[in-house]
Amino acid sequence: MFLTYQNPVYTYLKSPDQAATEAVHHPLVVVGAGPVGMAAAIDAAMRGIEVLVLDEDNTVSVGSRAVCYSKRALEILDRLGCARPMIEKGVTWKLGKIFFRDELVNQFDLQPGEGHKLPAFINLQQYHLEETLVRRMNALDNLEVRWKNRVVAVENGADKVRLTVETPDGPYVLSCDWLIAADGANSPIREHLGLESKGQWFHDRFLIADVVMKAGFPPERWFSFDPSYHRGYSSLLHRQPDDVWRLDFQLGWDADPEVEKRPENVLPRVRAMLGEDTEFELEWCSVYTFRCRRMERFRHGRTLFVGDAAHQVSPFGARGANSGIQDTDNLLWKLKLVMDGAAPERLLDTYSDERVCAADENIMNSTRSTDFITPKSPVSRTFRDAVLELSRSLPFARALVNSGRLSDTAFLVDSELNSGDDEEIPGDMVPGAVMADAPVAGSAGESWLLETAGSGFVLYLYSADASGLDDTLLQQLRLLSRGRISLESIVVAERGTAPGLRTLHDAQGLFAERYGARPGTCYLIRPDQHVCARWRRFELSAVSAALARATCTVRGGTFDAENRE
Amino acid sequence: MLKTENNFHQPGKRFFRAYRPGDDFYAALIETHRDLSEAQSAQVNARLILLLSNHIGDLNVLREAMAIARDGIIPAGDAD
């Protein structure tokens, strides 16, 4: 029982599938209604796929668990129609402070500069996020959720997947063309298929204590090395909605989790941190250890692994749920093209390649943070302490202090879906980068660049005066959107309107700045808002070739490179 | 003049995150000491300082660094 929250109970309903004599077939099944599974299912439904979600439980997360959601995850959730209630409920923050022996030694601003629709980070209890996602799922006609449906056997066949599902009314069998396994770090589906997630355990234990208090601390992430109230270890303070605060204490490997969890042992630690006079109540506590690991690849035939089932990181940096949501963003547009027969199955292997690359980066960053917070050897501790001591006065040492590198996006620069880059274009929007947002103005009321991408592919062409574009160019831009693969040409301009094409005005000049654009510059953007090619000047054949490359439909294969009907 | 601003970089490599070159250095440093005893680590550190000192060469810079490194450390024998 929590002081500030009561878990909803979702109703188990017997499905007609359970009485069928033959296994009922579904195009797509998602197993696991956590943040990642639900994001996958909503994305699928919004792309027009009929999707069934199975979850072994009948409620949302028990306990606050993952509480930090990054700008990129919010951008994806915004596309899925879920970000607004999260931001209204959540605590927006962007500043992290690091203390060493009670002295402020460094601070970092995760979103310097204006001109982004969404904040750098919000803190929100996982159960609030999940409730928002459940409401969104329930509003989609082509999405069905079955609570209390636990998968107990999987047959990953060449032409379909068969699942045996246990329910309060006994087991039943169903089949599907594609299975998304979002069933968590201990993924039963992974086990059923005899697959492994390999990596390392860390020898340290941490205590999470969520407390309810009316305190005057600002909405910032405060990380302390060796504080006076918890000598020799580290601690973290972070604000959540409902006057709940996340406190995290490093305990060391020898701590006994059962003993540490007892309120009589938790309360003195909290009191020491917050001060004797602070009134608080204990909401939830948990002792955890962690590991960093991943599967060798995330696609196994017709089964696609996402989130913690595919890869696991240490909690420092909030790279778990945030990267899982990015997995689904990468996967669903590809799956839709494959399910429609518009791209070959090979495109799904690039889901694995690209997200394995992102997972490696997340694992590397969270491992490095863990190594800094919990040095593994005396010499490692000596260096760590020397960095902290020097960080009081020297900027270079401040840059080395690692209390968690907070979730950011991977630059998929080595992806085979990218086409050649025009290296003259300045800035970080290289092929493989996630689009930077920018304020824009359009006739349909568009106000942010990212709101104009995310459905199909988009070609953005920058121009000083959209009214002055020549007819041949306009005709070619219009022609691009008549292909098999959905693509919209959008003109971004300082002024004017391009006849027959959506035109956006670069309201504050931030598009030109962030994309290094000058008249003629164009960017080809994937449905997951990643840049896949860019040029200083438009050429129809180059764009067609890049589109074919980004969808694995290059001529010579089964599919047509010209992308024309 | 000793550089104390963040100066980690790698020629030919493009970094997209400000923390990356420093973190790459730190990870390489810790990796250099993997599986060594404390005495062996001290030996590696001594060699490393000698190599880097010769690379820097400028005695003004080296003396400044040595002074900062020692600053605030009370000789153990005098501690009481």
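Reader: A:Asp43 and A:Arg79, buried or exposed?
Author: Both are buried, where buried means under 20% relative accessible area, exposed over 50% and partly exposed in between (1.4 Å probe, protein chains only). This is a predicted model, in which local features need pLDDT of at least 70, side-chain atom pairs count only at pLDDT 80 or more, and totals for chains, interfaces and linings use all residues. Residues are numbered from 1 along each chain as its sequence is written, chains are lettered from A and ligands numbered from 1 in the order in which they are written, and side-chain values use heavy atoms, with hydrogens and water left out.

Reader: What do the side chains of A:Asp43 and A:Arg79 meet in?
Author: A salt bridge, at 2.9 Å from N to O. A:Asp43 sits in helix α1 (residues 35–46) of chain A and A:Arg79 in helix α2 of chain A, 36 residues apart, and the pair links distant parts of the chain. A salt bridge here is a side-chain nitrogen of Lys or Arg within 4 Å of a carboxyl oxygen of Asp or Glu. Helices (H or I, at least four residues) and strands (E, at least two) are DSSP runs, numbered from the N terminus.

Reader: How many salt bridges over all chains?
Author: The search of the whole structure gives 45. Another one pairs A:Lys336 with A:Asp340 at 3.1 Å, N to O. A network joined through shared partners holds A:Asp43, A:Arg47, A:Lys71, A:Arg72, A:Glu75, A:Arg79 and A:Asp329.

Reader: Changing topic. Which domains does chain A have?
Author: The assignment gives domain 1 (16–91 + 123–198 + 295–366) and domain 2 (441–550). The bounds come from an automatic or database domain assignment. The C-alpha centres of the two domains of chain A lie 32 Å apart.

Reader: How many residues of domain 1 of chain A are in contact with domain 2?
Author: 13 residues of domain 1 are in contact with 12 of domain 2, contact meaning heavy atoms within 4.5 Å.

Reader: How many salt bridges between domain 1 and domain 2 of chain A?
Author: One. A:Glu354 and A:Arg526 meet in a salt bridge at 2.8 Å, N to O. On the side of domain 1 of chain A that touches domain 2, the elements giving two or more residues are α2 (71–79), α8 (321–339) and α9 (346–373) of chain A. The largest share, five residues, comes from α8(A).

Reader: And how do the residues on that side of domain 1 divide?
Author: Into four nonpolar, two polar and seven charged. Ala, Val, Leu, Ile, Met, Phe, Trp, Tyr, Cys and Pro count as nonpolar, Asp, Glu, Lys and Arg as charged, and the others, Gly among them, as polar.
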